[in-house]
Amino acid sequence: MKVLVINCGSSSLKYQLMNPETREVYAKGLCERIGIEGSKMEYEVPARDYEIKVEKPMPTHKEALELVINAITDKENGVIASVEEVEAIGHRVVHGGETFAKSVLITDEVMKAIEANNELAPLHNPANLMGVRTCMSLMPGKPNVAVFDTAFHQTMPAEAFMYALPYEDYTELKVRKYGFHGTSHLYVSETMREIMGNPEHSKIIVCHLGNGASVSAVMDGKSVDTSMGLTPLQGLMMGTRCGDIDPAAVLFIKNKRGLTDREMDNRLNKESGILGVFGKSSDCRDMENAVAEGDARAKLAEDMFIYRIKSYVGAYAAVMGGVDAICFAGGIGENASGIRERVIESLGFIGAKIDKEVNSVRKKGNVKLSTDDSRVLVYKIPTNEELVIARDTYRIVTEK
């Protein structure tokens, strides 16, 4: 089966055409700056090592998706003869609230239910829905499936997802921890369980570290806690997000600086984190280079980043009553060997040991990083969220 995976942002559209059964990726790419001057599309055919960038106006997601369809059906460089070969479309949807604990076939009722959660993800859900409507318009009759970032974490117990606020804030406003990066945490933890031989009982901590970062505690294949909350702002220090903070500090800064709600939100989400402390960049690579050059603020930012990670890993080991495996994923988790080493070296008290030589060599695929005498398995597992979306889409459209 050929499944088209779509991930729509407010001004972007990521796509992959793949076979979820064989994991083969026929084509993939990205449309950027939709509705903005300088729009461009990246298109890649991995099997032929073919790659091209096309600069063309894309006023809306409709024009972007039309470019994608034209590319994958192109007579010379396409991968299918016609769009009829696309059998289903899987969509990443950021927020499913409490409504969706699993992926679903998209119907009119599902669309309305997703819209009802727009307040919880005002920057993401409307863009995700736009992608769904565009696909339905350009490829009528094709089944569309919604795969939610929040769904995997719906197994959290109430003591983990509730905030200690007046109870009516939960019952009336649905204010609670939801968690994100669900497809990544699901893929990485499932892969780790497979490596372990699919044991009946397992305690796995997944560190998805990228510009956005989160940690999850996965017990027996189910999420029991995660670091992100009502929004992706809670938890770890990230590229530009502050992570955990005293709520009173937010009010104090807002009032002292005379900021509007929107300005304060922007400060917390886009001007904080590594960027806020380091001051020069939100990119972990820039931070690490500056640390090597003796930049004191870069060193502080790195120390804070690592401190938050090990704090959550330690907390989740306590939550689960131990840990069998710690997994690193995401751009930083997969590539920043120095950060991985410092995190694991700080966790010697739970018996985790890292093989420095193996950790320092960049290898593709799943890599065991722990020493043979480590009481905790440590792995680097490149995430594959698109495969999760494609597999769920395949499963749902072939169910009888």
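Hi everyone. When I say contact today, I mean heavy atoms within 4.5 Å of each other. Please keep in mind that this is a predicted model.

Let me start with Thr191, a residue in helix H6, which covers residues 182–195. What does Thr191 touch once we set aside its neighbours within four places in sequence? The partners are Asn366 and Ile381. Thr191 has a relative accessible area of 8%, and anything under 20% is called buried, so Thr191 falls in that class.

Next, let's turn to a glycine. Gly333 belongs to helix H12, residues 330–335. Is Gly333 buried or exposed? Its relative accessibility is 0%, so Gly333 counts as buried. Leaving out the residues within four places in sequence, Gly333 has contacts with Leu209, Phe328, Arg340 and Lys380. To give you a sense of scale, the C-alpha atom of Gly333 is 27 Å from that of Ala101, and those two residues are 232 apart along the chain.

You'll find Ile350 in the loop between H13 and helix H14, the latter being 356–360. Although Ile350 sits in a loop, its relative accessibility is 17%, so Ile350 still counts as buried. Which residues does Ile350 contact, again ignoring those within four places in sequence? They are Val323, Ile326, Arg375 and Val376.

Now for a pair of helices. Helix H11 runs over residues 296–320 and helix H13 over residues 337–345; their axes come within 10 Å and cross at roughly 50°. The crossing of H11 past H13 is right-handed. On the H11 side, the contact is made by Glu302, Asp303, Phe305, Ile306 and Ile309, while H13 brings Ile339, Arg342 and Val343. Sorted by class, that contact of H11 with H13 has five nonpolar residues, three charged ones and no polar ones.

Finally, the aromatic rings. How many aromatic pairs does the structure hold? There are five, and I'll show you two of them.

Phe100 and Phe148 make a stacked pair, with 4.4 Å from centre to centre and 10° between the planes. This pair links distant parts of the chain, since Phe100 lies in the loop between strand S6 (88–93) and strand S7 (104–105), while Phe148 is in strand S8, residues 144–148, and the two are 48 residues apart. Phe100 has 7% relative accessibility and so counts as buried. Phe148 is buried too, with a relative accessible area of 2%.

The other pair is Phe161 with Tyr170. Their ring centres are 6.1 Å apart and their planes stand at 45°, so this pair is tilted. Phe161 counts as buried at 11% relative accessibility, and Tyr170 counts as buried at 14%.

Technical notes
Residues numbered from 1 in each chain as written. Predicted model: local features only at pLDDT ≥ 70, side-chain atom pairs only at ≥ 80, totals over all residues. Heavy atoms only, no water. Axes fitted to C-alpha atoms, helices over the stretch in contact; angles between N-to-C directions. Helix = DSSP H or I, 4+ residues; strand = E, 2+ residues; numbered from the N terminus. Left-handed = near helix turned anticlockwise from the far one by under 90°. Nonpolar A, V, L, I, M, F, W, Y, C, P; charged D, E, K, R; others polar. Phe/Tyr/Trp six-rings, centres within 6.5 Å; stacked < 30°, edge-to-face > 60°. Buried < 20%, exposed > 50% of the residue type's maximum accessible area, 1.4 Å probe, protein only.
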